[in-house]
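Visitor: I would like to understand how the words used for a structure follow from its values. Could you take me through some of them, step by step?

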Amino acid sequence: MTMHQFALSLVGIGTGNPKHLTLQAVEALNTVDLILIPNKGAGKDDLAALRQAICTEVIRSSGPQIVEFDLPTRDEATHDYRKRVDDWHDTIAEIWWQNMVDALPAGGTVGFLVWGDPSLYDSTMRIADRLKSKGDIALHVIPGITSIQALTAAHVEPLNQINEAVTITTGRQLRNHGWPASADTLIVMLDGQCSFETLAPDQIDIWWTAYAGMENEISISGKLRDVSTKIQQTRAAARTEHGWLMDIYMLRRTAR
């Protein structure tokens, strides 16, 4: 039995703006045989549409075939968070593999458009690594602009203060463990619950952005005690309007 051979390019595409793509990313998307695009279902289908729009803008007429696939939902019934994520990734890898084999039965080159950069709070590399047990897989990663860069650009605010540390964390970590003792500046990602509410709001500044880098970008900044409610209200209204929301924020202590 011949082992399937695939070369997978995991292409960072920035945060939804076609101008975020590097020349390396554009070249990669124009030279693969197949591009797989996940569809996250009702309310999030314009994320797939954004990926399609990027392909339309940067790929030449003789480009690869493009296949959308339905992304499975995570089983929230499993209490062990790590296990339910691992099981979810296993399922996604199976779907990737089936689509790759169906579209390219003799093997070939495949591209995945990764939001932001594949290295930062993204599991594409972990999922792709699972495919090595199924065939001869060569993985390539092409970096992209992260939502952190889009956030700091939107607010014209440096990521770090002079000679001070930055910690990148998640909403879950902030809620469960509070402000890390060694951090001067926090970047908080994957926060669906406005976890900044759990902090004492005095002497903390916040820079918050939703849809960073996109046409519908929204940015609010100020003292946490002054803008917390505004951010929460704006966030809820934007989610209702668009059916989905991706946001990120930076927190910085204003006094020791």
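Guide: Let us begin with Asp-191, which has a relative accessible area of 4% and is therefore called buried, since that word is used for values under 20%. Please keep in mind throughout that this is a predicted model.

Visitor: Where does Asp-191 lie, and which residues is Asp-191 in contact with?

Guide: Asp-191 belongs to the loop between strand 7 and strand 8. When neighbours within four places in sequence are left aside, Asp-191 is in contact with Gly-171, Arg-175, Phe-196, Arg-235, Asp-247 and Tyr-249.

Visitor: What makes the pair of side chains of Ser-195 and Arg-175 a polar contact?

Guide: A polar contact needs a pair of N or O atoms within 3.5 Å, one able to donate a hydrogen and the other to accept it. The side chains of Ser-195 and Arg-175 are joined at 2.9 Å, so the pair meets the distance limit and is listed as a polar contact.

Visitor: What makes the phi of Val-156 worth a remark?

Guide: Most residues other than glycine have a negative phi. Val-156 is not a glycine, and yet Val-156 has a positive phi of about 50°. Val-156 is found in the loop between helix 5 (147-155) and strand 6 (166-170), and with 70% relative accessibility, which is over 50%, Val-156 counts as exposed.

Visitor: How do you know whether Tyr-211 is buried or exposed, and what is the phi of Tyr-211?

Guide: Tyr-211 also is not a glycine, and has a positive phi of about 55°. The place of Tyr-211 is in the loop between strand 8 and strand 9, and because the relative accessibility of Tyr-211 is 0%, which is under 20%, Tyr-211 counts as buried.

Visitor: How do you know that the span of helix 7 agrees with the number of residues in helix 7?

Guide: Helix 7 (residues 224-242) has 19 residues, and at 1.5 Å a residue these should span 27 Å, because the expected span is 1.5 Å times one less than the number of residues. Among the buried residues of helix 7 are Leu-224, Ile-231 and Arg-235, and what covers the buried residues includes strand 8 (204-210), strand 9 (218-223) and strand 10 (247-253). Just after helix 7, Gly-243 takes a positive phi of about 85°.

How values were computed. Residues are numbered from 1 along each chain as its sequence is written. This is a predicted model: local features need pLDDT of at least 70, side-chain atom pairs count only at pLDDT 80 or more; totals for chains, interfaces and linings use all residues. Side-chain values use heavy atoms; hydrogens and water are left out. Helices (H or I, at least four residues) and strands (E, at least two) are DSSP runs, numbered from the N terminus. Buried means under 20% relative accessible area, exposed over 50%, partly exposed in between (1.4 Å probe, protein chains only). Contact means heavy atoms within 4.5 Å.
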